[in-house]
Amino acid sequence: MEYIVVPTTTEIFNMSSMRCQQERIRLKNEISFARGDETTGGPSNANRIAAIKAALEQIEDRLQNLTNREAA
């Protein structure tokens, strides 16, 4: 199993809008790769997928906050 870097809450809080968008794409791709491994008989990646989904949710919240600040 390869090591995937999932950003911490502090790292996400300090990300710019552009960085959030890049990380969102990267993490969505990682979920796709992990699910693909499972379907081809690889090990279960449920914990890894859960951690990535949690980070994605935080990134979405950060993007929403950045968007709200720009609109104000």
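Entry 1. I looked up glutamate 23 and found this residue buried, with a relative accessible area of 9% (buried means under 20%, with a 1.4 Å probe and protein chains only). The model is predicted; local features need pLDDT of at least 70 and side-chain atom pairs count only at pLDDT 80 or more, while totals for chains, interfaces and linings use all residues. Residues are numbered from 1 along each chain as its sequence is written, and side-chain values use heavy atoms, with hydrogens and water left out.

Entry 2. I placed glutamate 23 in helix H2, residues 17-39 (helices are DSSP runs of H or I with at least four residues, numbered from the N terminus). Leaving aside residues up to four places away in sequence, glutamate 23 touches Pro7, Met15 and Ile59 (contact means heavy atoms within 4.5 Å).

Entry 3. I then turned to the largest nonpolar core, which has 13 residues (a set of buried Ala, Val, Leu, Ile, Met, Phe, Trp, Tyr and Cys residues joined through side-chain atoms within 4.5 Å). Ile59 is among those with the most contacts inside this core, as is Leu56. H2 and helix H3 (46-71) each supply at least two of its residues, and H3 gives the most, with six.

Entry 4. I checked leucine 56: not counting residues up to four places away in sequence, leucine 56 touches Arg24, Leu27, Lys28 and Ile31.

Entry 5. The axes of H2 and H3 come within 9 Å and cross at roughly 160 degrees (axes are lines fitted to C-alpha atoms, for helices over the stretch in contact, and angles run from 0 to 180 degrees between N-to-C directions). The two helices are therefore roughly antiparallel (angles over 145 degrees).

Terms used: Buried means under 20% relative accessible area, exposed over 50%, partly exposed in between (1.4 Å probe, protein chains only). Angles under 35 degrees count as roughly parallel, over 145 as roughly antiparallel, 65 to 115 as roughly perpendicular and the rest as oblique.
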